[in-house]
Amino acid sequence: MMQIRRVCVFCGSSPGTDPRYLEAARATGTALVRRNIGLVYGGGSSGLMGTLADTVMAAGGQAIGTIPQVLAAREVAHHGLTELRIVQSMHERKATMADLADGFVALPGGYGTFEELCEVITWAQLGLHQKPCGILNVGGYYDPLLLMFERAIRDGFIKPVSRSLVLQETDPDRLLDLLEDYQLTDQS
């Protein structure tokens, strides 16, 4: 069983069009605090990111935001966090978040969320970390991506054993259970 002290959550800086996305951000924040797990995220104050961080902070949890200077200068940084780290680049942001976290979760989001999720999955596949990577599949949002992963396996671009790198659930508590129970399988 993994010791999960902090989870990095990738998610949208907008709320999306389905109210279930904001509900999922709140439920994820509540679940993290209930388990005494700190939040690591992209440091934004709007959308799912802001809602998630606000929920964690309102419940007495800890939230560490990491945001590039260029975004902080646009006044999108959340200044009500336990800690806000302002870094120089998106690359530094992702590396910092990965270093601080014991696991990763993706809520609905756009290109940035997809890229961040796929990068940490790739790092796990390459053996650069042994941390669990999970998807909170709200309302089937990630079904097309999960189908793409299956297609890549079927077409020989991803080894079947690597499918175990991507955990998925529709409930934040059950997803956190999967993260805590995660055991890395040999990827060779």
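Mentor: Start with a term: strands are DSSP runs of E, at least two residues long, numbered from the N terminus. Keep in mind that this is a predicted model.

Trainee: Which strand holds Thr66, and is Thr66 buried or exposed?

Mentor: Thr66 has its place in strand 3, residues 63-68. Its relative accessibility is 0%. Buried means under 20%. So Thr66, in strand 3, counts as buried.

Trainee: What does Thr66 touch, leaving out residues up to four places away in sequence?

Mentor: Contact means heavy atoms within 4.5 Å. By that test Thr66 touches Tyr41, Gly42 and Gly43, among others. The list also holds Arg85, Val87, Arg93, Thr96, Met97 and Leu100.

Trainee: Where is Gly50, and is it buried or exposed?

Mentor: Look in helix 2, residues 47-58, for Gly50. The relative accessible area of Gly50 is 1%. The cut-off for buried is under 20%. So Gly50 is buried.

Trainee: How far apart in space are Gly50 and Tyr141, C-alpha to C-alpha?

Mentor: In sequence, Gly50 and Tyr141 are 91 residues apart. In space, the distance from C-alpha to C-alpha is 20 Å.

Trainee: Where is Ser162, and what is its relative accessible area?

Mentor: Ser162 is found in a loop, between helix 6 (143-154) and strand 7 (166-169). Ser162 touches Gln125 and Gln187, not counting residues up to four places away in sequence. Ser162 is buried, as its relative accessible area is 5%.

Trainee: Is Asn36 buried or exposed?

Mentor: Asn36 is also a loop residue, placed between helix 1 and strand 2 (38-41). Its relative accessible area is 67%. Exposed means over 50%. So Asn36 is exposed.

Trainee: What is the phi of Asn36 near?

Mentor: Most residues other than glycine have a negative phi. Asn36 is a residue other than glycine, yet its phi is positive. The value is near 60°.

Trainee: Which residues of helix 7 are buried, and within what arc do they fall?

Mentor: In helix 7, residues 172-181, the buried ones are Pro172, Leu175, Leu176, Leu179 and Glu180. Seen down the axis, they line one face of the helix, because they fall within an arc of 140°. In general, residues three or four places apart point the same way, because an α-helix has 3.6 residues a turn.

Trainee: Which residue caps the N-terminal end of helix 7?

Mentor: Look for a side-chain oxygen 3.1 Å from the backbone nitrogen of Asp173. That oxygen belongs to Asp171.

Trainee: How are the rings of Phe10 and Phe104 arranged?

Mentor: The structure holds five aromatic pairs. In this one, the ring centres of Phe10 and Phe104 are 6.0 Å apart and the planes are at 10°. Planes under 30 degrees apart count as stacked, so the Phe10 and Phe104 pair is stacked.

Trainee: How many residues apart are Phe10 and Phe104?

Mentor: Phe10 is in strand 1 and Phe104 in strand 5. Both count as buried, Phe10 at 3% relative accessibility and Phe104 at 0%. The pair links distant parts of the chain, 94 residues apart.

Trainee: Which residues form one aromatic cluster?

Mentor: One phenylalanine takes part, Phe114.

Trainee: Which element supplies the largest share of the lining of the largest pocket?

Mentor: The largest pocket holds about 360 Å³ of space. Its lining has 23 residues, with Cys11, Ser13, Met49, Arg93 and Gly112 nearest the centre. Strand 1, helix 4 (90-100) and helix 5 (111-125) each supply at least two. The largest share, five residues, comes from helix 5.

Trainee: And which element gives the most to the lining of the largest cavity?

Mentor: There are two cavities of 30 Å³ or more, and the largest has a volume of about 60 Å³. Its lining includes Val7, Thr28 and Leu175. The most, three residues, comes from helix 7.

Terms used
Residues numbered from 1 in each chain as written. Predicted model: local features only at pLDDT ≥ 70, side-chain atom pairs only at ≥ 80, totals over all residues. Heavy atoms only, no water. Helix = DSSP H or I, 4+ residues; strand = E, 2+ residues; numbered from the N terminus. Buried < 20%, exposed > 50% of the residue type's maximum accessible area, 1.4 Å probe, protein only. Arc of directions from axis to C-beta. Polar contact = N/O pair within 3.5 Å; in protein donor to acceptor, adjacent residues only side chain to side chain. Phe/Tyr/Trp six-rings, centres within 6.5 Å; stacked < 30°, edge-to-face > 60°. 1 Å grid on protein atoms, 1.4 Å probe; cavity = no way out; pocket = protein on both sides within 12 Å on 5 of 7 lines; lining within 4 Å. Points joined across faces, edges and corners; volume = space filled by probe spheres on them.
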